[in-house]
Amino acid sequence: VLGVFGVFGPKYSGARTKTEAIIVNVISPYIFNELLKDLRDVNFVTLTIDSSNRKEIKLTPVCVRYFNQNEGIKVKLLYFDRLPGETSDILVEHLLKCIKKYSIDSKVVCLCADNTNTNFGGVKRKGQGNVFRKLQKSLSRPILGIGCAAHILHNTIQTACDALSIDVEVIVVKVYKFFFQYTVRVTALKEFCEFANIEYKRVLSHGNTRFLSLLPAIERILLLFDALKSYFMAIENCPAVLLAFFKDPVSELFLKFVHGTVQMFQISILKLESDYITASEATQVYEELVIKLEERKANNFIPFAANQLLAKLKDDNTIDVDKENHFRKNMEGFYQAGINYLKLWENSFDKANKFKWLTLQNDPTWEEMEASAIIVVSIVPNSINVDQLFDERSSLVQVLRHLKPKWASQQNELTPKMHEKWKEIFDAFFRSNVSFLNIFKIIEFAMCLPGTSAPAERIFSMMGSIWSAERGRLSLTVLKELLNIKANSDLSCSQFHDKIKIDKCFLKKINASEKYEKKKDDEECCEPGPSTN
């Protein structure tokens, strides 16, 4: 942000009060007004909500997602405040306050959040006491409810691992904690690594709430496995769980099986974590994962590294038939538990599967487009003229015949994302002076349906980098404005500098004394601590 001060020359400087005033009362409002302009022009938006504690303070951002014809999918931070709790009534009141403040009550078509009982009423989505049902009632119309696909996949890994006779997650956590902050133990392990001719690397931690931490933690244990096994077998007072694990000849086999299978989940989760993925794409990733698990179970598939180790153990007579059968039975239970869990939560994407034709893998049929139009009209009445939509579909098929060969010829890394493809399609419609209003509304509706609540999670990551221990007396107002700038500006400092250096009104506000006027907002410090600049 401070890079923009370069407009005043290399000798320009700003003390804390001036810098804070410029950020809070000039730069942040300037960026937020760009978001408000976008919201006035769009027809549909989705709200994503999540909460996180900072000691006794509960902070709850509300992100907004919408589709802009010129720029594609946009995900922005719309509202951010502290709450006294996390009950459904408090969260609904928080959402309604945001909706009314920015006059988007007629545009909200979906709520996205993680899959807790408070948000959606559990896996069956029963009852009227959850956030989703109460928000629908307050808006006096139906809206869609999209759960977080990444959360579901993470929980699937945990559920599948629980079906194994060896608790892999417990082993990973215990190994990490055994060496964490114990220099003497780490030094001894390094000696065992040197003896085993293994390059020492630090053991990694795994957190239950982190989607992608299990795989690298298992990889590190497998890398150091021989040294770790020798170490724990040699020391006195070794934790019983770890001693039993490293004594068992099939322990490494279980680790390699989980590692090979979690890699498949990892690929799916990385696809889902993109801000631009839609709920229809998420359902496709979800369904493909179910198929892969079912095929692995049907074919008794063992990941390559695990299969090689199994063959070696059998050749060495390290394991007998009973232990091999025990391993295979565990493997089957792992696959089945994963399949059951995924199928249990398949209704978390509401009606998003009706928009899968947007991926353009095939030319959309009229039946598919009509089904999508019915959903849009059920939520926003009279928004689609179905008769005109039929004629627009014919034009769409013609445009796709020209664009598909171009997309197919592009290399994978250059292949446009789904929302970028639709931007090209609408540009082609516009150049040909062909009506596409009804198709656009369906696409705008579908594009604003997210696949995960990851954007709200990223706000907490941003907050952590801004609200450090050294900035303990940062006020909630300044935190909000810094988050607004960081989350809602797509420009680098140099790009922002180029944009505002010709904006005389903006430069005048920076120099004006009015920037020192206090905003009517919560000036309470986020957390007591030392005063810092």
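Guide: Let's start at Asn-484, which sits in helix α20, residues 476-488. Helices here are DSSP runs of H or I with at least four residues, strands are runs of E with at least two, and both are numbered from the N terminus. Keep in mind that this is a predicted model: local features need pLDDT of at least 70, side-chain atom pairs count only at pLDDT 80 or more, and totals for chains, interfaces and linings use all residues. Residues are numbered from 1 along each chain as its sequence is written, and side-chain values use heavy atoms, with hydrogens and water left out.

Asn-484 is buried, with a relative accessible area of 5%. Buried means under 20% relative accessible area, exposed means over 50%, and partly exposed is in between, using a 1.4 Å probe and protein chains only. The side chain of Asn-484 makes a polar contact of 2.6 Å with that of Asn-488. (A polar contact is a pair of N or O atoms within 3.5 Å; within protein, one must be able to donate a hydrogen and the other to accept it, and residues adjacent in sequence count only if both atoms are side-chain atoms.) Skip the neighbours within four places in sequence, and Asn-484 is in contact with Ser-28, Ile-31, Phe-32, Leu-77 and Ser-489, where contact means heavy atoms within 4.5 Å.

Now move along to Asp-490, in the loop between α20 and α21 (493-500). The side chain of Asp-490 forms a salt bridge with Lys-76, at 3.1 Å from N to O. (That term takes a side-chain nitrogen of Lys or Arg within 4 Å of a carboxyl oxygen of Asp or Glu.) This pair links distant parts of the chain: Lys-76 belongs to strand β4, residues 72-83, and the partners are 414 residues apart. Asp-490 is exposed at 52% relative accessibility, whereas Lys-76 is buried at 6%.

Arg-328 pairs with Glu-324, with the closest N and O atoms 3.2 Å apart. Because these two are four residues apart in helix α14 (residues 321-344), about one helical turn separates them. Arg-328 is partly exposed at 29% relative accessibility, and Glu-324 is buried at 12%. Back at our spot, salt bridges that share partners join Glu-71, Lys-74, Lys-76 and Asp-490 into one network. The other example is Lys-312 with Asp-316, whose closest N and O atoms are 3.2 Å apart; Asp-316 is partly exposed at 45% relative accessibility.

Stepping back, the protein has 22 helices and six strands. The C-alpha atoms fill a box of roughly 75 × 65 × 50 Å, taken along the principal axes. Of the 533 residues, 51% are buried. Among contacts with a separation of 6 or more, 75% are between residues 24 or more positions apart.
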